[in-house]
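This briefing turns to the aromatic contacts and the pockets of one structure, grouped by topic.

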Amino acid sequence: SIRTHFDMSATNFKTKGDANKDLATIVTRNYSLDMSSYEGRAGYEFHAGRGKLQFLFGADALFQYSYFKYYYEKTTVYTGGYPSTVSKTNTRSATTGYGFSPLMGLQYHITDLVSVSTISSADFISFAQKSSTDDFYLSGAGTDTDASSFSSKGMKMKINPFGIVSVNVHF
């Protein structure tokens, strides 16, 4: 998070991300899981009040992206003349969102160099999601495949209540 303070306002830029990858083989089963999510915000806030206590209000523009991929393979080996079977599933999903987040908060200046603050906001996000699944099944009786996909669009809202108190050092 980067903040630039002016006389009675500030700009902020924030990013966060998370990625997780997992691979496993358990006897006759293989699976892999790949998930990631990223968010970026840029905003402007105004400060009202000239004393030690200031009220903050403003808004952030935001972007979100998340990705999910899951692969599963199972091999069943039969004895006594029965044929072996293989089944595979491959699922993918990606979601992109854009929005804005009005915010308000309080900031108390302990000294000219140190302050504490807390902010509450509400995220309003328009999102689009695309997902697909491919299934494959192979046995002595033949092969069967199935593919499906869907897309969805919508709006979501998230309330970020007061709760985190930040200790700020002003240069």
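Rings of Phe, Tyr and Trp, the last taken by its six-membered ring, count as a pair if their centres lie within 6.5 Å. On that basis, in this predicted model, ring pairs link Tyr44, Phe46 and Phe57 into a cluster, and the structure holds four aromatic pairs.

**Aromatic contacts**

- Phe63 and Tyr98 form a tilted aromatic pair, with 5.2 Å from centre to centre and 50° between the planes.
- Because Phe63 lies in strand β4 (residues 53–76) and Tyr98 in strand β5 (residues 85–109), this pair ties together parts that are 35 residues apart in sequence.
- Phe63 is partly exposed, at a relative accessible area of 34%, whereas Tyr98 is exposed, at 52%.
- Lys156 lies over the face of Phe127, at 5.9 Å from the ring centre.

**Largest pocket**

- The largest pocket has a volume of about 760 Å³ and is lined by 29 residues, of which Lys14, Ile119, Ser121, Asn160 and Ile164 lie nearest its centre.
- Strands that each supply at least two residues of this lining include β1 (2–5), β3 (29–48) and β8 (166–169), while β6 gives the most, with six residues.
- Sorted by class, the lining of the largest pocket has seven nonpolar, 13 polar and nine charged residues.

**Second largest pocket**

- The second largest pocket holds about 260 Å³ of space, and of the 15 residues that line it, Asp7, Gly51, Gln54, His109 and Asp112 lie nearest its centre.
- Its lining has two nonpolar, nine polar and four charged residues.

Key: Residues are numbered from 1 along each chain as its sequence is written. This is a predicted model: local features need pLDDT of at least 70, side-chain atom pairs count only at pLDDT 80 or more; totals for chains, interfaces and linings use all residues. Side-chain values use heavy atoms; hydrogens and water are left out. Rings of Phe, Tyr and Trp (its six-membered ring) pair if their centres lie within 6.5 Å; planes under 30 degrees apart count as stacked, over 60 as edge-to-face and the rest as tilted. Helices (H or I, at least four residues) and strands (E, at least two) are DSSP runs, numbered from the N terminus. Buried means under 20% relative accessible area, exposed over 50%, partly exposed in between (1.4 Å probe, protein chains only). A charge sits over a ring if NZ of Lys or CZ of Arg is within 6 Å of the ring centre and within 35 degrees of the ring normal. On a 1 Å grid over the protein atoms alone, a cavity is a set of points where a 1.4 Å probe fits but cannot get out, and a pocket is an open set with protein on both sides within 12 Å along at least five of seven lines; lining residues have an atom within 4 Å of a point. Grid points are joined across faces, edges and corners, and a volume is the space filled by probe spheres set on the points. Ala, Val, Leu, Ile, Met, Phe, Trp, Tyr, Cys and Pro count as nonpolar, Asp, Glu, Lys and Arg as charged, and the others, Gly among them, as polar.
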